[in-house]
Amino acid sequence: MTAFPSVARVGYGAMQLFEGVSSDDATAVLRRAVELGVNHIDTASFYGPGEVNRRIRAALAPYPQDLVIVSKVGARYTGEQPIPLAGAQRPAELRAAVEDDLRQLGLDCVPVVNLRRMDVGPGVRAEGDQIVDLDDQLAEMIALRDEGKIGAIGISSVPLDVLRRALPAGIACVQNPYSLLDRSQEEMVDVCANEGIAWVPYFPLGSAFPGFPKVADNLVVAEVAAELGATGSQVGLAWLLARSPNTLLIPGTRSIAHLEENLGAGGITLSADAIARLDALTAPGSDPWAHGVESFLEAPNA
């Protein structure tokens, strides 16, 4: 995990720092995160679009020397509901997004950039000219790395076979949906650990999509949290950290109180009994996105 040489295992995802939050409040959250030891911030030029990047720059530049800013390319902002994104998968679009990151963040090089494909998880799917061969995309990412515009390449929203195809390019991290209630990526976690790749799950506490359960609402999670004097969210995050040593978390929030709660998960140690009870909630390999909302909610462990 050379792209993340010394980052704290609980970082911060900045996606929420746009709608419903003032620039002053965004600045306060970002500065508090850094004060508390966060040195891994996840963003994208299509968050806002561009406003989240600009708020990060306004709050934190000149950046702390140890801060690793991670962005992603492969989508563009549309503002449509319920998913305000569309594909931007073509090589020229990937390059343009990196240029946007550099300008908006005020950087000469983005430390890590994820290629966000549209192969797994919820959201938009690539259609028409947005169906682009992985090799063409990676060639552009490698060129950007060779030019010094990005430091390392990550990959997001991909199945295991796509990761394996991408490995020769040198992959620093993988971002896929994964949580106590979504263990569809179980084998991916182990492959990343074996390859020395950082595993950075998104939706770590369950999906924001309507109808899908939240980790903190689960009764077993609540029981474990009560025993530890913790919150359900902290237990869900602590389980992810315990699952594999290569896991890095980027929970997002607009609230300083929730930020502090999330960071507190890094200090929680789950007993073997607690882990066994939590492990039993969802079968490894189960994929909530493979079924309709109704069938998932009817499952015994939902």
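Predicted model: local features only at pLDDT ≥ 70, side-chain atom pairs only at ≥ 80, totals over all residues.
Asp 133 sits in the loop between β6 (110-116) and α4 (134-146), and Arg 165 belongs to helix α5 (residues 160-166), so the bridge ties together parts that are 32 residues apart in sequence. Asp 133 is partly exposed, with a relative accessible area of 37%. Arg 165 is partly exposed too, at 41%.

Arg 277 and Glu 223 make another salt bridge, their closest N and O atoms being 3.9 Å apart. Arg 277 lies in helix α10 (residues 272-279) and Glu 223 in helix α7 (residues 219-228), so this pair ties together parts that are 54 residues apart in sequence. Arg 277 is partly exposed, with a relative accessible area of 25%. Glu 223 also counts as partly exposed, at 43%. Elsewhere, salt bridges with shared partners join Arg 183, Glu 186, Asp 190 and Arg 243 into one network. The structure holds 21 salt bridges.

## A buried charged pair

Lys 72 and Asp 42 meet through their side chains in a salt bridge of 2.7 Å, N to O. Lys 72 is in strand β3 and Asp 42 in strand β2, so the contact ties together parts that are 30 residues apart in sequence. Are these two residues buried or exposed? Both Lys 72 and Asp 42 are buried. Each therefore has a relative accessible area under 20%. In general, side chains of opposite charge can pair when their charged atoms come close.

## The parallel sheet

Seven strands form an open sheet in the order β1-β2-β3-β6-β7-β8-β9, with parallel pairing. β1 (12-13) and β9 (198-199) stand at the edges. Each has a single partner strand, so one side of each is left without a neighbour in the sheet.

Strand β6 pairs with β3 on one hand and β7 on the other. Four bridges join β3 to β6, and the two run parallel. Val 70 has Val 112 of β6 as its bridge partner. Lys 72, the residue that meets Asp 42 in a salt bridge, has Asn 114 of β6 as its bridge partner. Six bridges join β6 to strand β7 (residues 150-156), again in parallel. Asn 114 stands opposite Gly 154 in β7. How enclosed is β6? Six of its seven residues are buried, so the strand is largely enclosed by the rest of the structure.

## Helices against the sheet

β6, α4 and β7 make a right-handed β-α-β unit. Helix α4 packs on the sheet and touches β3, β6 and β7. The direction of α4 makes about 155° with that of β7.

Helix α2 (residues 51-60) has a buried set made up of Val 52, Asn 53, Arg 55, Ile 56, Ala 59 and Leu 60. Seen down the axis of α2, these residues fall within an arc of 160°, so they line one face of the helix.

## Backbone exceptions

Most residues other than glycine have a negative phi, and most peptide bonds are trans. Several sites in this model depart from that pattern. The peptide bond from Gly 48 to Pro 49 is cis, with omega near -5°. Pro 49 is in the loop between β2 and α2. The bond from Ala 61 to Pro 62 is cis as well, with omega near -5°. Pro 62 is in the loop between α2 and β3.

Where are the positive phi values? Ser 157 has phi near 60°, and Phe 203 has phi near 55°. Neither residue is a glycine. Ser 157 is found in the loop between β7 and α5. Its relative accessible area is 1%, so Ser 157 is buried. Phe 203 is placed in the loop between β9 and α7. With a relative accessible area of 22%, Phe 203 is partly exposed.

How values were computed: Residues numbered from 1 in each chain as written. Heavy atoms only, no water. Buried < 20%, exposed > 50% of the residue type's maximum accessible area, 1.4 Å probe, protein only. Arc of directions from axis to C-beta. Salt bridge = Lys/Arg side-chain N within 4 Å of Asp/Glu carboxyl O. Pairing = 2+ DSSP bridges. Right-handed = clockwise from strand over helix to strand, strands pointing away. Contact = heavy atoms within 4.5 Å. Axes fitted to C-alpha atoms, helices over the stretch in contact; angles between N-to-C directions.
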